[in-house]
Amino acid sequence: MKILYKNTTAEKQFSPKYQKKWKYPEQVKIKLLSIENAISQATCLRDIAMMPQYRFHSLKGDRKHEWSIYVGNTGYRVTLIPCDDEGNEIIDGDIMAQCKSIKVVLVTEVSNHYE
């Protein structure tokens with residue numbers, strides 16, 4: 001799958017090319033690299049959604065079009081928005097039903113969910 005970034009902040013939080021500047025705990029760094037690799041190697045979003053350790057789920061409220069991936073038992077999560085092949089956000093329809101055809105995601109942030 002292809003990974004896009006909402007802005008440079010999101011890219012610096014998630015892209016491995018910035019890992020030397022990451023200020024995350026070591027366990028989070030390792031898991032983020034693993035998640036980035038899994039997304040990059042996946043053929044479609046379904047591959048990620050079907051991995052129970054990521055607990056792929058939709059968010060609610062102001063973030064209702066975003067989805068979350070847990071970064072292990074660290075309290076951190078990666079939020080993203082599924083996109084079509086041109087990088088346009090997919091906000092309509094049943095995303096889970098469309099997972100087989102989604103090959104692009106837009107990472108919006110990496111955050112500690114409990115801070």
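Author: Eight bridges join β4 to β5, and these strands run antiparallel. This is a predicted model, where local features need pLDDT of at least 70, side-chain atom pairs count only at pLDDT 80 or more, and totals for chains, interfaces and linings use all residues. Residues are numbered from 1 along each chain as its sequence is written, and side-chain values use heavy atoms, with hydrogens and water left out.

Reader: What makes β4 and β5 a pair?

Author: Two strands pair if DSSP finds at least two bridges between them, a strand being a DSSP run of E with at least two residues, numbered from the N terminus. Eight bridges join β4 to β5, so they pair. In this pairing, Ile81 stands opposite Leu106 in β5.

Reader: How do you know that β2 and β3 pair?

Author: They have two bridges, in the antiparallel sense, and at least two are needed, so they count. His57 stands opposite Ser68 there. β3 also pairs with β4, antiparallel over four bridges, with Leu80 as the bridge partner of Trp67. Put together, the open sheet has five strands in the order β1-β5-β4-β3-β2, with mixed pairing.

Reader: Why are β1 and β2 called edge strands?

Author: β1 (2-5) and β2 (57-58) each pair on one side only.

Reader: Why is Thr108 called buried?

Author: Buried means under 20% relative accessible area, exposed over 50%, and partly exposed in between (1.4 Å probe, protein chains only). Thr108 comes in at 8% relative accessibility, so it counts as buried. Thr108 lies in β5, residues 104-112.

Reader: Why is β4 called mostly covered?

Author: Eight of its eight residues are buried. Tyr76, Val78, Leu80 and Pro82 are buried on one side, and Arg77, Thr79, Ile81 and Cys83 on the other, so both faces are covered. In a regular strand the side chains alternate between the two faces of the sheet.
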